[in-house]
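Morning, everyone. I have one chain to walk you through today. Please take a look at it first.

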Amino acid sequence: MAAAVNIAFTTPDHLNGLTPSQQRPIDLVHLASQTKGDKAVEVEILQMFARQARGCLVALTADRGKVEVKAAANRLRNAAMAVGALRVAAAADLVETKGANADALASVAAAVLEAEHFILKLAR
């Protein structure tokens, strides 16, 4: 597990153009490039992302100040970008830049839930 934490990730360089892999909740092409195709590492990293995303979601919806909400949204966006969860990253970015209104939080929650379900299917 420690080895997975030390992997350096880069963001996808094809964010603006939709590719088939980007139409999924997790861009598996991006993830495979980050893990050098190691499926065991991919599953481990996705499971870590799911736990972190859930924690960030709890932090976003708790009664916290703007600074804490912005920090949680930033953590979520960065983690999502690292694994290729582009919808989660986009939703978190809106919360980070525009604030945590009800619509933005619902969008983040929906994107995180979609990514979690996708990860669960992959881990079977």
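Where is the place of Lys36? Lys36 sits in the loop between helix 2 and helix 3. Helices here are DSSP runs of H or I with at least four residues, strands are runs of E with at least two, and both are numbered from the N terminus. Lys36 has a positive phi, near 55°, and is a residue other than glycine. With 77% relative accessibility, Lys36 counts as exposed. On that scale, buried means under 20% relative accessible area, exposed means over 50%, and partly exposed is in between, with a 1.4 Å probe and protein chains only.

Some ground rules. This is a predicted model, where local features need pLDDT of at least 70, side-chain atom pairs count only at pLDDT 80 or more, and totals for chains, interfaces and linings use all residues. Residues are numbered from 1 along each chain as its sequence is written, and side-chain values use heavy atoms, with hydrogens and water left out.

Now the overall picture. The chain has six helices and zero strands. From the N terminus, the order reads α-α-α-α-α-α. Of its 124 residues, 40% count as buried. Take contacts, meaning heavy atoms within 4.5 Å. Among those between residues at least 6 apart in sequence, 63% join residues at least 24 apart. The chain exposes about 7000 Å², and carbon and sulfur atoms supply 57% of that. These areas come from the Shrake-Rupley method with a 1.4 Å probe, and for residues only the protein chains shown count as cover.

Next, the core. A nonpolar core is a set of buried Ala, Val, Leu, Ile, Met, Phe, Trp, Tyr and Cys residues joined through side-chain atoms within 4.5 Å. The largest one has 36 residues. Ile26, Phe49, Leu60, Leu76 and Val88 touch the most other members. Helix 3 (39-61), helix 4 (66-83), helix 5 (86-98) and helix 6 (102-123) each supply at least two residues. Helix 3 gives the most, with eleven.

Let's stay with helix 5. Its buried residues are Leu86, Val88, Ala89, Ala91, Ala92, Val95 and Glu96. They pack against helix 3, helix 4 and helix 6. The expected span of a helix is 1.5 Å times one less than its number of residues. For the 13 residues of helix 5 that should be 18 Å, and the end C-alpha atoms are 18 Å apart, which agrees. Just after helix 5, Gly99 takes a positive phi of about 105°.

Glu96, in helix 5, is buried at a relative accessible area of 15%. Not counting residues up to four places away in sequence, Glu96 touches Lys70, Ala73, Asn74 and Arg77. Glu116 lies in helix 6 and is buried too, at 13%. Leaving aside neighbours within four places in sequence, Glu116 is in contact with Ala50 and Arg54.

How do helix 2 and helix 4 cross, and at what angle? The axes of helix 2 (residues 28-35) and helix 4 come within 7 Å and cross at roughly 85°. Axes are lines fitted to C-alpha atoms, for helices over the stretch in contact, and angles run from 0 to 180 degrees between N-to-C directions. The two helices are therefore roughly perpendicular, a label for angles of 65 to 115 degrees. At the meeting point, His30, Leu31 and Gln34 in helix 2 face Met81, Ala82 and Val83 in helix 4 as contacts.

Terms used. Angles under 35 degrees count as roughly parallel, over 145 as roughly antiparallel, 65 to 115 as roughly perpendicular and the rest as oblique.
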